[in-house]
Amino acid sequence: APEKEVLQLSLGERDKISFQHENLKVVSSFLSFDENKTRGVIDFSQQLQNKALIENSDDESVHSTLRKSLFKKSDNMHKTTEFKAGSVDVKEIGTYLNTSENMKEMTKEGFLRNNHHAPITKDSDFTLHSVNNEEIVSENGIKIQSFSNASAILDMTGTTGRKLEILRAVTEIPTQFRSIFKEFPYFNYAQSKAFDDLLYTDRNFVICAPTGSGKTVMFELAITRLLMEAPLPWLNIKVVYMAPIKALCSQRFNDWKEKFGPIGLTCKELTGDTLMDDLFEIHHADIIITTPEKWDSMTRRWRDNSIVQLVRLFLIDEVHIIKDESRGATLEVVVSRMKTIQSSLWRLLEKHDTVPPLRFVAVSATIPNTQDIAEWLSDSKMPAVCLKIDEDQRPVKLRKIVLGFPCSDNQTEFKFDLTLNYKIASIIQTYSEQKPTLVFCATRKGVQQAASVLAKDAKFLLSIEQKQRLQGFANSLKDSKLRDLLTYGVAYHHAGMEMSDRKTIEGAFTVGDLPVLFTTSTLAMGVNLPAHLVVIKSTMHYVGGVFQEYSETDILQMIGRAGRPQFDTTATAVIMTRCSTRERYIQMLNGADIIESSLHRHLVEHLNAEIVLHTVTDVSVALEWIRSTFLYIRALKNPTHYGFSSGLDKVGIEEKLQELCLKNLNDLSSFDLVRMDEANNFKPTDTGRLMAWYYIAFDTVKQFFTIKGTETLNELITMISNCSEFVDVKLRTNEKKILNTLNKDKDKITIRFPMEGKIKTREMKVNCLIQAQLGCIPIQDFTLTQDTGRIFRNGLRVT
């Protein structure tokens with residue numbers, strides 16, 4: 001299309017197009033499937049939109065590119081059939097209902113089932129033959145397992161028939177930056193909506209959009225804006241991209257290195273895996289990609305650190321992680337600190353125009369109180385822009401289905417989890433449409449077990465070329481168990497695998513040769529592996545020795561992987577849970593929980609860090625600092641969540657926050673981490689400085705105060721093993737044998753100070769691995785080697 005020519009419809013023309021979806025009823029036909037015949041089912045609402053577009057266009061050629069990118073005919077229409085003891089009834093159903101709440105289709109006895117036997121598609125050509133028990137043979141002869149136990153299905157489909165919006169063209173971007181967006185000619189709906197604010201203003205910006213709506217491009221628009229405004233050479237500008245998970249940082253690093261390298265920008269990754277030498281390289285990086293914890297430890301020395309003062313654009317990915325009890329507080333104080341640094345630089349320098357503005361751009365999954373995040377990120381001069389993109393604007397329509405399975409009282413979580421393995425084949429059969437499927441499991445062991453069960457339970461019809469390609473992938477794998485599974489069209493993927501194996505499996509899945517991939521929930525945050533069907537197998541996961549329900553953030557991240565924009569127009573997410581919790585997940589998918597702060601739980605460490613930085617110098621400044629946090633914004637709106645009484649006014653809540661600060665300050669001064677001078681100003685002590693600089697937890701410091709100086713080496717190792725810095729090291733069942741051998745074995749080399757009894761706690765595992773490493777005892781297990789690396793990275797700080 002020509003440079004500036006973008007499709008615009010006048011209001012009158014738009015109204016002609018919008019039509020009543022409620023009246024549009026489509027009788028779904030149940031068609032027998034023949035491999036040589038493809039079905040001609042077309043989504044009528046899409047067809048009408050196409051027609052309207054053509055009618056309203058004067059010049060066919062102008063709009064042809066746009067039409068291709070806007071409307072792909074969907075391969076399939078949702079056909080809903082009702083199963084009754086093996087027979088098939090045709091149900092009449094309004095396909096796309098334009099409702100504000102999500103569409104619910106339920107029957108009293110039978111369960112709705114979307115039955116897809118799609119023609120074999122170009123991007124994947126496998127079909128599944130289930131060889132399982134409890135099967136129903138439908139009229140067309142394809143076996144479907146009955147869900148005799150499953151509850152009715154919740155079916156929520158986004159509305160497709162929204163009024164046409166104007167999509168912005170990549171040609172609007174200045175020529176020298178166009179290569180960043182070379183993968184598409186037009187920005188999608190969400191990106192087009194954010195376009196003007198991101199590219200033509202410097203306002204802080206919060207976007208709340210479902211996963212898969214192209215949020216990364218919005219970050220790239222903000223970077224482009226900065227480059228357009230900043231004079232060449234770009235020496236004194238830094239962009240910081242912050243994401244909660246290292247895998248997400250690595251992905252962004254690889255992606256942006258390719259995109260921004262050609263225009264002269266260097267990227268540097270700064271995560272827990274980064275060695276100290278790399279900190280010098282960061283001085284030369286334009287884009288720093290980091291985690292909240294790493295940026296926190298960097299900025300705790302910001303007065304000696306000119307880098308922090310050069311940051312002009314701060315990009316926050318997955319900002320909803322702020323409600324995470326263990327990590328949210330770090331994200332919150334880092335952002336508040338960046339705001340404080342900016343204002344203190346402003347106060348220090350007489351010429352205010354020499355202080356370049358710092359811009360925040362944050363994106364989050366769908367949360368109801370995005371406005372609170374925007375309020376927190378607003379500066380004194382200008383409120384932040386808040387853009388909410390609804391689920392129905394997602395480029396790929398997502399159906400969400402919650403299945404409840406019975407779980408008896410005497411059935412343990414482990415047992416229930418195992419029973420679900422045998423239901424997966426039929427779920428894939430019913431919902432995958434012979435396209436790639438991603439199954440999330442709670443544990444690494446669970447991932448392997450479920451993959452083995454499916455490989456025995458189901459046979460995938462793979463083309464000869466596919467089999468050859470899969471064999472090629474299998475030959476390069478180091479893991480022999482995985483090699484066998486891959487030839488069946490099934491594989492697994494988790495953080496304890498060899499990096500090369502993980503990359504091979506990701507490659508096979510991304511190109512569409514691998515029908516089903518089982519993975520752990522932790523990878524939902526990081527690796528970008530979109531699938532047509534996402535299955536969450538059980539909603540419980542094992543954390544710190546106990547089973548607990550996934551957080552809403554986890555669930556949203558996992559179902560966000562459903563839908564491959566380049567291949568699909570629809571996608572499906574299936575949640576498998578217990579009957580008792582089914583309603584809870586239906587509610588969760590309908591409307592998300594409000595995001596609260598968790599800073600009040602970790603205030604003591606962060607207050608100490610701010611005192612060391614001199615951002616907090618007395619009680620009044622402490623309250624001013626608290627006002628810059630998300631905690632303050634939420635405490636005013638929901639005081640009871642933070643332990644304050646509900647009838648308090650603003651003054652009362654500020655007093656309560658001040659009390660909370662004073663209590664934490666007293667805790668710090670009782671261990672001589674902070675002192676008060678005559679003028680009631682806070683002064684950090686050397687111990688307080690060490691605690692902040694080395695990022696040590698308050699509980700660890702308290703433990704170190706018990707040191708007498710007469711401890712034996714054994715006692716010191718035991719003390720270090722008990723530090724809360726190692727809280728994320730988990731003791732897994734399958735590691736106990738190796739660890740017990742290291743601890744006591746008359747035939748092998750063992751550790752120097754064996755512990756009594758069997759290894760049964762995290763602390764004992766940490767102790768064992770520290771001793772094995774210091775005693776040069778080789779460990780053959782890859783996961784344990786990974787854990788040892790993590791223990792020693794943290795251990796260097798602690799000791």
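**Entry 1: terms and ground rules**

I began by noting that two strands pair if DSSP finds at least two bridges between them, and that helices (H or I, at least four residues) and strands (E, at least two) are DSSP runs, numbered from the N terminus. I am working with a predicted model, in which local features need pLDDT of at least 70 and side-chain atom pairs count only at pLDDT 80 or more, while totals for chains, interfaces and linings use all residues. Residues are numbered from 1 along each chain as its sequence is written, and side-chain values use heavy atoms, with hydrogens and water left out.

**Entry 2: the six-stranded sheet**

I looked up Cys 441 and found that its bridge partner in β20 is Thr 520. Strand β17 (residues 437-441) and strand β20 (residues 516-520) run parallel and are joined by five bridges. These strands belong to an open sheet of six, with parallel pairing, in the order β16-β24-β21-β17-β20-β19. I noted β16 (397-405) and β19 (490-493) as the edge strands, since each pairs on one side only. Neighbouring strands in this sheet are turned by 20° against each other on average, direction ignored.

I then turned to helix α12 (residues 413-421), which packs on the sheet and touches β16, β21 (533-537) and β24 (570-578); contact here means heavy atoms within 4.5 Å. The direction of α12 makes about 140° with that of β24, where axes are lines fitted to C-alpha atoms, for helices over the stretch in contact, and angles run from 0 to 180 degrees between N-to-C directions.

**Entry 3: the seven-stranded sheet**

I found an open sheet of seven strands, also listed with parallel pairing, in the order β11-β12-β10-β13-β14-β9-β15. Because β11 (267-270) and β15 (385-388) stand at the edges with a single partner strand each, one side of each is left without a neighbour in the sheet. The twist from one strand to the next averages 15°. Within the sheet, strand β10 (residues 238-242) runs parallel to strand β12 (residues 287-290) and is joined to β12 by four bridges, and Met 242 has Thr 290 as its bridge partner in β12.

Helix α11 (residues 370-377) packs on this sheet, touching β9, β14 and β15, and its direction makes about 165° with that of β9. Helix α4 (residues 189-200) lies across β9 (205-208), β14 and β15, and runs at about 175° to β15.

**Entry 4: Ala 362**

Is Ala 362 buried or exposed? Ala 362 is buried, with a relative accessible area of 0%; buried means under 20% relative accessible area, exposed over 50%, and partly exposed in between (1.4 Å probe, protein chains only). Not counting residues up to four places away in sequence, Ala 362 touches Phe 205, Val 206, Ile 207, Ile 316, Val 319 and Leu 377. I also noted that the C-alpha atoms of Ala 362 and Asp 317 are separated by 6.0 Å, although the two residues are 45 residues apart along the chain.

I checked the length of helix α19 (residues 579-590): at 1.5 Å a residue, its twelve residues should span 16 Å, and its end C-alpha atoms are 18 Å apart, which agrees. The expected span is 1.5 Å times one less than the number of residues. In α19, Thr 581, Arg 582, Tyr 585, Ile 586, Met 588 and Leu 589 are buried. They cover an arc of only 160° around the axis, which puts them on the same side of α19; the arc is that of the directions from the helix axis to the C-beta atoms.

Helix α20 (residues 603-612) is mostly covered, with ten of its ten residues buried. I noted that α20 is followed by His 614, whose phi is positive, near 65°.

**Entry 5: two loop residues**

I found Val 616 in the loop between α20 and α21, buried with a relative accessible area of 0%. Its contacts, leaving out residues up to four places away in sequence, include Leu 607, Trp 625 and Phe 682.

I placed Thr 629 in the loop between α21 (619-627) and α22 (630-637). Thr 629 is buried as well, with a relative accessible area of 0%, and leaving aside neighbours within four places in sequence, it is in contact with Glu 332, Ser 336, Trp 376 and Leu 599.
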